[in-house]
There are 2 protein chains.
Amino acid sequence: MKTDIEIAQACTMLPITQVAEELGVSQEILEPYGRYKAKLDPAALSALPRKGRLILVTAINPTPAGEGKTTTSVGLADALHRLGKKAVLALREPSLGPVFGIKGGAAGGGYAQVVPMEDINLHFTGDFHAIGAANNLLSAMLDNHIQQGNALDIDVRKITWKRCVDMNDRQLRNIVCGLGGKVNGVPREDGFDITVASEVMAVLCLATGLKDLKGRLGRMVVAYTRDDRPVTAHDLKADGAMTALLKDAIKPNLVQTLEHTPALIHGGPFANIAHGCNSITATDAALRLGDYTVTEAGFGADLGAEKFLDIKCRYGGLTPSAVVVVATVRALKHHGGAAKNELGTENLSALEKGLPNLLQHVENITQVYGLPCVVAINRFPTDTEAELALVEEKCKALGVNVALSEVWAKGGEGGEALAREVMRLCETPADFRFCYDTDSSIEEKLDAIARKIYRADGVDLTSNARKQLKQLTSLGYDKLPICMAKTQYSFSDDAALLGAPRGFRITVRNLKVAAGAGFLVALTGDIMTMPGLPKVPAAENIDVDENGKITGLF
Amino acid sequence: MKTDIEIAQACTMLPITQVAEELGVSQEILEPYGRYKAKLDPAALSALPRKGRLILVTAINPTPAGEGKTTTSVGLADALHRLGKKAVLALREPSLGPVFGIKGGAAGGGYAQVVPMEDINLHFTGDFHAIGAANNLLSAMLDNHIQQGNALDIDVRKITWKRCVDMNDRQLRNIVCGLGGKVNGVPREDGFDITVASEVMAVLCLATGLKDLKGRLGRMVVAYTRDDRPVTAHDLKADGAMTALLKDAIKPNLVQTLEHTPALIHGGPFANIAHGCNSITATDAALRLGDYTVTEAGFGADLGAEKFLDIKCRYGGLTPSAVVVVATVRALKHHGGAAKNELGTENLSALEKGLPNLLQHVENITQVYGLPCVVAINRFPTDTEAELALVEEKCKALGVNVALSEVWAKGGEGGEALAREVMRLCETPADFRFCYDTDSSIEEKLDAIARKIYRADGVDLTSNARKQLKQLTSLGYDKLPICMAKTQYSFSDDAALLGAPRGFRITVRNLKVAAGAGFLVALTGDIMTMPGLPKVPAAENIDVDENGKITGLF
């Protein structure tokens, strides 16, 4: 069996100028980066109407291996393309951290991939480096402000802004910086996040243009004064230079799938402390250029789709036409109680017991958000015919749309059934509504997500979170949407509660404002914002030969 | 008077494809980055002969403002271009640190600039970010190795590898990392350098291709074991992944001057702890594509030209045809004892007293290295006719070639006299030789540089340096060329000793190996490898409007 990189390297890509031309993108607004990547100027597209249908690909609560949202998205777009439709993908960019760590790259899999896979997984067009530079310029200006007299009266114990690096580097999680005496800064505690966890990443992904970007960057809170007033990037006069650093990074990147379907790969914020979707500029461009835009959101639908719909769609003025919930037989058996090492063995009883997890996600999409929904069963080689038949039969019995997806093995051809169902759903009437009103109080918004999406009995705030809620409300940050930071493995905040749990409550331990991104982050536990490398990092196996051919990426 | 960025933005650039075509670069080996930047594949050029003449632009010992080497290089290339010659520039890339700090960008000045000035000064084609990522991947793998059991027995007190960021950030000079308990790494002292000070930068600039690059990266020493054996990047299995991260960064970047002369801008190592020249791949490509290659080296000729000739030319197999020593009336008066605030006032006596600094540099080039040399007087608005006449007269009386350069004010037209003189020199016989033999001992090499170039009475090593010399010799690193880290303001190691001092000795306080770059660094004092931001960073004035137009860069 061929590896992903072998399949990708065997693909004869079209010149990106040709991909652009077929998409109707004129050469004037195309900025090539090498022969197979390009940036588009989103401002130049704004005259076109947003004519495309928006299709969100989300998933059930995943197993640690993931259920193949990106692969399904790529295959669905390829299938629409095969069926003669003008389809455009809008996906997230991968981070270097996981590429060198344990997870590997993120450009789809099997015969449903975006290419050039190596470039996309390495530096791509430099967006993440630009975000890192903007983040770290702000850090340097913040500490320099303190060193040069601290006119803003920043309390060094209340600095909330961290430095970042696009690397899995646990050694930088907690540091003391500014050591070495007077000329070398002011000693204080600090830490690094991985670049994708930077608020700059979330800001870039939610900004609708350069002016909005600069406004959002300027509003970011980096610290508090000794008397607890917020200090922003604008107070430090960093917003102009940061915007200059990001002027190209805000432009969506155009690449292609193995089957030459155009793909806009742009931005990649964390799906816990941030909203986990590609950029609004890329989704917007796709809607103006194609008839069908296929996009995805991180983790399961309780986190990913919820944030996509309540945060990204709200800020971007987006209305999806259909939602695809990806499920695998393996994950359903996992939710039904099958052991991790037995997920490859036929187990109809566990499978049936796991279905409520899937059904709750579908119900949330259709009943809470009022959107048409289809379940895509992402076929794995270990799935048996009986298992596949059981899922299909149970879904149909409950009136749930379902389609088998075999895109990993067959590319677009394996996604035609799903594509046809999606096209049909796009023509059915929808009544899109948000899960909550931003005008409600913070408690009311938390409560709406917990009761309506998670089916919890309510939300508890720790005394710490209650204090933060009071402070954030008094500072006027209470009318922002909520970004939940919660385990992706369960509807609840307990990773071990599988299936469709009932009779539980959600505990919010921390509330923070991301004033630039424009949301409040509600943390239900400790979230790791800087991963570590495993015992044998993937980096050890990556190599490049004299001709520049890369091996060992996966 | 127009600012540099105003002049640059008023330029109507040619499409980079056209610049490439006029240079004879086929579209197959051109990888455009936007419309006005491109990378060239150096491997594809290796079939062409190295037919071009190599012209090095260096300078007298500078004032803190610099004497205009880049501006003179750009203007000289434009002048050759105007005279109908196929000229190619080969220059260094600017670092983000100084752009946001106090010094500003580095793309020439006035009417002798490379463009697009904003892109070149910001991320350009991402080379420096790639170098930073490779550097920091090695750091993460090093600390992960220790965390996961430390099979190589690395002594955490003897780690020599630092992390890096392309930013002026004094707060990161000295840190303690790995805090927060067992899962968060191993506590130890650490620090960040600015990216241009990373050995990866020097390696990239001295590598002749991907294979050489990987070999050099693998040889880099990152730490010592408890029993003092060196640990390399290859021991940590990081060299393959680092090379993969650098596979595009090693390709030279093509841009143009205001007058559309092709310019390869690539690499930019520090000129003290490293060799301070653009990449060998860029210089090599320029020599294969043009008839005249104009390149420069950092600081004054005692540091820049010495390292260019003894390190870069040695590793690159390069032989210059002529050397330009840039001098300014201001700097000559400074060497002659004029006060800093009076450099703009006519002072013929100080000017004459300062000439020996210039003459010693010229003599070094002609007598030590056996190369033809011309002095370029980089004209400033404050220079008087009498001053300019005096320099010219004194040079001519001593048989020193001299030409007035007015490229800052007039572009290529102002460099024609210099260009004619350079072309003439390129036809005179040369007898290029190095200052020292690498086979000599470390002491002998240090002594050769100190006596022949600086005219010191000899070299003293501190007891610390003597111990290091012994260790490096026993490890077999003694046959490498020497990279002197010394003040750029004087021939001596005392910045206050101006002119052409005699009767002094050089003190080497530290000796380190850069085994990947392939040189020994001899430090004569404390060298700052992480700058800080000033009271009002340049970043505060940088902005970008809704159309992406940048202001405030200088």
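Which residues in α18(A) are buried? I started my notebook with that one. I am working from a predicted model, where local features need pLDDT of at least 70, side-chain atom pairs count only at pLDDT 80 or more, and totals for chains, interfaces and linings use all residues. Residues are numbered from 1 along each chain as its sequence is written, chains are lettered from A and ligands numbered from 1 in the order in which they are written, and side-chain values use heavy atoms, with hydrogens and water left out.

**Entry 1: helix α18(A)**

I found Ile442(A), Lys445(A), Leu446(A), Ala448(A), Ile449(A), Ala450(A), Ile453(A) and Tyr454(A) buried in α18(A). Buried means under 20% relative accessible area, exposed over 50%, and partly exposed in between, with a 1.4 Å probe and protein chains only. Helices (H or I, at least four residues) and strands (E, at least two) are DSSP runs, numbered from the N terminus.

I then checked the span: α18(A) has 13 residues and reaches 17 Å from its first C-alpha to its last, close to the 18 Å expected at 1.5 Å a residue. The expected span is 1.5 Å times one less than the number of residues. After the helix comes Arg455(A), with a positive phi near 65°.

**Entry 2: the sheet beside it**

I saw that α18 (residues 442-454) of chain A lies across β21, β23 and β24 of chain A, at about 55° to β21(A). Axes here are lines fitted to C-alpha atoms, for helices over the stretch in contact, and angles run from 0 to 180 degrees between N-to-C directions.

Those strands form an open sheet in the order β21-β24-β23 (chain A), with mixed pairing. Its edge strands are β21 (482-485) and β23 (510-514) of chain A, each pairing on one side only. Two strands pair if DSSP finds at least two bridges between them. Neighbouring strands are turned by 25° against each other on average, direction ignored.

I traced five bridges from β23(A) to β24 (residues 519-523) of chain A, and these two run antiparallel. In β24(A), Leu520(A) is the bridge partner of Val513(A). Helix α12 (residues 304-316) of chain A also packs on the sheet, touching β21 and β24 of chain A, and its direction makes about 160° with that of β21(A). Contact means heavy atoms within 4.5 Å.

**Entry 3: the core**

I looked up which residues touch the most other members of the largest nonpolar core, which has 293 residues: they are Phe100(A) and Phe100(B). Such a core is a set of buried Ala, Val, Leu, Ile, Met, Phe, Trp, Tyr and Cys residues joined through side-chain atoms within 4.5 Å.

Leaving aside neighbours within four places in sequence, the contacts of Phe100(A) include Leu122(A), Met167(A) and Leu533(A), as well as Leu137(B), Ala241(B) and Leu245(B).

**Entry 4: aromatic pairs**

My search of the whole structure gave four aromatic pairs over all chains. Rings of Phe, Tyr and Trp (its six-membered ring) pair if their centres lie within 6.5 Å; planes under 30 degrees apart count as stacked, over 60 as edge-to-face and the rest as tilted.

Tyr33(A) and Tyr33(B) make a tilted pair, 5.4 Å centre to centre with 55° between the planes. Tyr33(A) counts as buried at 7% relative accessibility, and Tyr33(B) does at 6%.

Phe192(A) and Phe192(B) are stacked, because their ring centres are 5.3 Å apart and their planes at 5°. This pair crosses between chains, from β11 (residues 192-194) of chain A to β11 (residues 192-194) of chain B.
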